[in-house]
Amino acid sequence: MVFKNEKERLEVRPAHREHLQALLQKGQLITAGPWADDTGALHVYEVADEAELRAILSRDPYTAVDAYDIALLREWTPILP
């Protein structure tokens with residue numbers, strides 16, 4: 001994802017991080033974190049399909065304030081834990 005609307009994004013960042021923590025506890029999020037320059041982030045989800053992922057993203061506080069654009073959405077096959 002690529003961040004935008006910085007003021008709004010930073011206002012909801014605590015809620016966004018709580019959302020991610022809940023997904024991690026449910027096993028739906030594998031890992032997440034911002035790029036070193038804080039211009040965007042990488043999230044790796046464990047979901048059945050794109051529809052499930054879109055539903056998760058729709059509940060993210062960042063989505064509500066239009067704080068990002070999806071730069072790349074791809075299915076991934078991990079070979080290492």
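Start with the largest pocket, which holds about 950 Å³ of space. A pocket here is an open set of points on a 1 Å grid over the protein atoms alone, where a 1.4 Å probe fits, with protein on both sides within 12 Å along at least five of seven lines; the volume is the space filled by probe spheres set on the points. Select His43, Val44, Tyr45, Arg74 and Trp76: of the 27 lining residues, these are the closest to the pocket's centre. Lining residues have an atom within 4 Å of a point.

Before you go on, note that this is a predicted model, where local features need pLDDT of at least 70, side-chain atom pairs count only at pLDDT 80 or more, and totals for chains, interfaces and linings use all residues. Residues are numbered from 1 along each chain as its sequence is written, and side-chain values use heavy atoms, leaving out hydrogens and water.

Which strand gives the most to the pocket lining? That's S3, with five residues. S3 (41–45) and helix H2 (50–58) each supply at least two lining residues. (Helices, H or I of at least four residues, and strands, E of at least two, are DSSP runs numbered from the N terminus.)

Pick Ala32 and you'll find His43 of S3 opposite. S2 and S3 form a hairpin with six residues between them.

Now click Asp38, in the loop between S2 and S3. Asp38 isn't a glycine, yet has a positive phi of about 60°. Most residues other than glycine have a negative phi. Asp38 is partly exposed, with a relative accessible area of 27%; buried means under 20%, exposed over 50% and partly exposed in between (1.4 Å probe, protein chains only).

Next, hop to Asn5, in the loop between S1 and helix H1 (6–26). Asn5 also has a positive phi, about 50°, and is partly exposed at 34%.

Last stop: show Phe3 and Tyr62. A search of the whole structure finds one aromatic pair, and Phe3 with Tyr62 is edge-to-face, 5.9 Å centre to centre with 85° between the planes. Ring centres must lie within 6.5 Å to pair, and planes over 60 degrees apart count as edge-to-face. Phe3 is in strand S1 (residues 2–3) and Tyr62 in helix H3 (residues 61–64), 59 residues apart. Both Phe3 and Tyr62 are buried.

Methods: Two strands pair if DSSP finds at least two bridges between them. Rings of Phe, Tyr and Trp (its six-membered ring) pair if their centres lie within 6.5 Å; planes under 30 degrees apart count as stacked, over 60 as edge-to-face and the rest as tilted.
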